[in-house]
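Welcome, and please open the model in your viewer with the sequence panel showing. We will go from one selection to the next, with a short note at each stop.

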Amino acid sequence: MKETVQVNIGSVAFTIDRDACGVLRRYLDDIASRLPADDTETLGDIERRIAEMLRERVSSPMRVVSLDMVHSAMMRMGVPADFGTRRGDARPQQEEPSRRLYRSRTDRSIAGVCGGLAEFFGSDPTLLRLLTLLLILFGGLSIWVYIVLWIIVPEAPAPKFNLKNDKHR
């Protein structure tokens, strides 16, 4: 036997399982924390849409809204992250992938080492090539360092092409 509660969702009365009510309340609270603090209209619209979806599934007022019905409505509405980041949440939702040093496939004169270093540091590859050449000529950098970097630093991965979505075919 399950406990049920009476709730108003979007100004429509429902009889709902207690566990389904808790899940729906946490879902709506999560969405509310992602909306601007003064934006009550959007949250009201979301509640009304959920009420419409639940009303489609509940054929009579005597029928109870189950956890499956709530999950179905939540899946149709989308995850709370679709509504933005939480207020006061300074960290991004997804961490930025770590940068890796690669030899360039496209911007190369000899082995792509200077092109890869320029891409990694966000600088001009021509200036980096000139600096490397000057350091090699005047003894600040050995040619062996360049050769070791050529051997150790992997070449950038080849770009992936999706032939199924190619519009020029």
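**Stop 1: a tryptophan and its neighbours**

Start by selecting W150, which lies in helix α6, residues 143–152. Helices here are DSSP runs of H or I with at least four residues, strands are E runs of at least two, and both are numbered from the N terminus. Before going further, note that this is a predicted model, in which local features need pLDDT of at least 70, side-chain atom pairs count only at pLDDT 80 or more, and totals for chains, interfaces and linings use all residues. Residues are numbered from 1 along each chain as its sequence is written, and side-chain values use heavy atoms, with hydrogens and water left out.

**Stop 2: helix α4**

Select residues 113–121, helix α4, and colour its buried residues: V113, C114, G115, G116, L117 and A118. These buried residues pack against α5 (125–137) and α6, where contact means heavy atoms within 4.5 Å. Just after α4, look at G122, which has a positive phi of about 70°.

**Stop 3: salt bridges**

A salt bridge here is a side-chain nitrogen of Lys or Arg within 4 Å of a carboxyl oxygen of Asp or Glu. By this rule there are five salt bridges, and we will visit some of them.

- Select R18 and E3, whose closest N and O atoms are 3.2 Å apart in a salt bridge. This pair links distant parts of the chain, 15 residues apart: R18 is in helix α1 (residues 18–32) and E3 in the segment before β1 (4–9). E3 counts as exposed because its relative accessible area is 53%.
- Select R34 and D30, which form a salt bridge at 3.1 Å, N to O. R34 is buried, at 10% relative accessible area, and D30 is buried too, at 17%.
- Select R48 and D45, joined by a salt bridge at 2.5 Å, N to O. Both lie in helix α2 (residues 40–57), three residues apart, or about one turn of the helix.

**Stop 4: a cavity**

How many cavities of 30 Å³ or more does a search of the whole structure find? The search finds one. A cavity is a set of points, on a 1 Å grid over the protein atoms alone, where a 1.4 Å probe fits but cannot get out; lining residues have an atom within 4 Å of a point. Grid points are joined across faces, edges and corners, and the volume is the space filled by probe spheres set on the points.

The largest cavity holds about 40 Å³ of space. Select its lining: M53, L54, R57, M69, S72, A73 and R76. The elements giving two or more residues to this lining are α2 and α3 (67–77), and α3 gives the most, with four.

Definitions and conventions:
Buried < 20%, exposed > 50% of the residue type's maximum accessible area, 1.4 Å probe, protein only. 1 Å grid on protein atoms, 1.4 Å probe; cavity = no way out; pocket = protein on both sides within 12 Å on 5 of 7 lines; lining within 4 Å.
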